Amino acid sequence: MPDRTDRIVISVDAMGGDQGPSAVVAGLATSVQKNPDIAFILHGPEDELTKLVERRKVLKDRVEIRHAADIVTMEDRPSHVMRHGKGTSMWSTLDAVRNGEATVAVSCGNTGALMALSIVRLRRLPGVTRPAIAILWPSRNPQGFNVMLDAGADIRADARDLLQFAMMGTSYARNGMGLKRPRIGLLNVGTEQNKGRPELQEAHELIARHAEDSQYDFVGFVEGGDLPGDVVDVIVTDGFSGNVALKTGEGTAALIGDLLKQSFRMSPLSRLAALLAYRPLQRLAKRIDPRRVNGGVFLGLNGTVVKSHGSADATGVSAAVKLAFQLAQSDFSQKIAARLASVDLVDHDAEGETIVDERSIKKGQS
């Protein structure tokens, strides 16, 4: 049993990732070495996890193991997991957050199953139709990254959903990245106001209307080239476009890396150039290393869930845990709920359904 005094507890699914539980435990050990204010509830086969944890002295009194005999595989259908997944490590991980024993859940497992179980076990926040996955995209901005959502939780999104994504993205940028007044952009096929589908036109109007009260700057429509740019901090889109952009970006980054390696191996002179450029190349590799920005955050639920890459190694798991800890420190779930509730109240006031003094809504806290 871990000593939880004044420590933030993270619930971690040890199973389901490509690298197995040894990589997860190694990631937790790295996290503890960097952060003394953290403890874990680790879910999976007790005998196997006990051996792995006992090998890491730094984890002593930091990890409570919860036995879960079954595993959600990458091939499992979300519908099957929802019906038959009660004995899995993923289910147990989410229940620790549901029961208030941990603040954030972290899993490397099947994304579709994790989202489906998260909705079932944690439930949506009031008024949220579609939760979203928010990811960090390397950018030219001073913070080094932009937030993009939805990255694939649901392929559909109407204007109201996109407004909620903007609100949730604002809260993420504020609490996870320290941006007091994030700049919001709506992804479209062009920046002209007359372009795009009707739901995008409607979303443009809604997001612009709420900008001042919700303390963000709406820059309007943005294009795919703005994802790594410096004109916006949060990019809002539906899950279909967002997931295509994400996978395209990852594939392009991998291609560029391979081409650079090939170029530096072409001749003795190019290999010498690689040696001379070793340190800059190392800095570049670290800057764009997806393991170091590992973790998509499920937004719109009664609890925070961080989805780590399925292929994450110890470095990747540690990065996901770091993100989970930062969000837990800021009471992230409560602040998102407050932000969405304030928007609903203002909308009801505008529709004449409820009278609300907007000055009574505390600003700058979510």
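Colleague: Let's start in the middle. Which residues does Val236 touch, leaving out those up to four places away in sequence?
Modeller: This is a predicted model. In it, Val236 touches Leu149, Leu162, Phe165, Ala166, Ile184, Gly185, Leu186 and Leu187.

Colleague: What core is Val236 part of?
Modeller: The largest nonpolar core, which has 67 residues. Val236 is among the members that touch the most others, along with Ile10, Phe40, Leu42, Leu149, Tyr172 and Leu186.

Colleague: Which helix gives the most to this core?
Modeller: Helix 6, residues 159–177. Nine of the core residues come from helix 6. There is also a second, separate core of 33 residues. Ile41, Leu94, Ala151 and Val305 are included in that second core.

Colleague: Which other residues have a positive phi, glycine aside?
Modeller: Arg123 is one of them, with phi near 70 degrees. Arg123 sits in the loop between helix 5 (111–122) and strand 5 (132–138). Gln215 is another, with phi near 60 degrees. Gln215 is in the loop between helix 8 and strand 8 (217–222).

Colleague: Arg123 and Gln215: how accessible are they?
Modeller: Arg123 counts as exposed, because its relative accessibility is 52% and the cut-off is over 50%. Gln215 has a relative accessible area of 24%, so it is partly exposed.

Colleague: Back to Leu149. What kind of peptide bond joins it to Asp150?
Modeller: A cis peptide bond, with omega about 10 degrees. Asp150 lies in the loop between strand 6 (145–149) and helix 6.

Colleague: New topic: charges. How many salt bridges does the structure hold?
Modeller: It holds 13. One of them pairs the side chains of Arg181 and Glu212, at 3.2 Å from N to O. Those two are 31 residues apart and link distant parts of the chain. Arg181 is in the loop between helix 6 and strand 7 (183–187), while Glu212 is in helix 8 (residues 211–214).

Colleague: Is that pair buried or exposed?
Modeller: Glu212 is exposed, at 56% relative accessible area. Arg181 is partly exposed, at 32%.

Colleague: What about Glu205 and Arg209? Why can they meet?
Modeller: They form a salt bridge, with the closest N and O atoms 3.5 Å apart. Both are in helix 7 (residues 198–209) and are four residues apart, so about one helical turn separates them. An α-helix has 3.6 residues a turn, so residues three or four places apart point the same way. Arg209 is partly exposed, at 47%.

Colleague: Which residues are linked in a network of salt bridges?
Modeller: Arg130, Asp154, Arg156 and Asp161. As for other pairs, Arg197 and Glu199 meet at 2.6 Å, N to O. Arg197 is partly exposed at 39%. Glu199 is also partly exposed, at 25%.

Colleague: And Arg339: buried or exposed?
Modeller: Arg339 counts as buried, because its relative accessibility is 5% and the cut-off is under 20%. It lies in helix 13 (residues 332–350).

Colleague: Now the big picture. How many helices and strands does the chain have?
Modeller: 13 helices and 11 strands. Of the 366 residues, 50% count as buried.

Colleague: Last one. What is the average pLDDT of the chain?
Modeller: It averages 84, and 89% of the residues score at least 70. Over residues 348–365 the pLDDT is below 50. That stretch has 17 contacts in the model beyond near neighbours in sequence.

Key: Residues are numbered from 1 along each chain as its sequence is written. This is a predicted model: local features need pLDDT of at least 70, side-chain atom pairs count only at pLDDT 80 or more; totals for chains, interfaces and linings use all residues. Side-chain values use heavy atoms; hydrogens and water are left out. A nonpolar core is a set of buried Ala, Val, Leu, Ile, Met, Phe, Trp, Tyr and Cys residues joined through side-chain atoms within 4.5 Å. Buried means under 20% relative accessible area, exposed over 50%, partly exposed in between (1.4 Å probe, protein chains only). Contact means heavy atoms within 4.5 Å. A salt bridge is a side-chain nitrogen of Lys or Arg within 4 Å of a carboxyl oxygen of Asp or Glu. pLDDT is the predictor's confidence in each residue, from 0 to 100.
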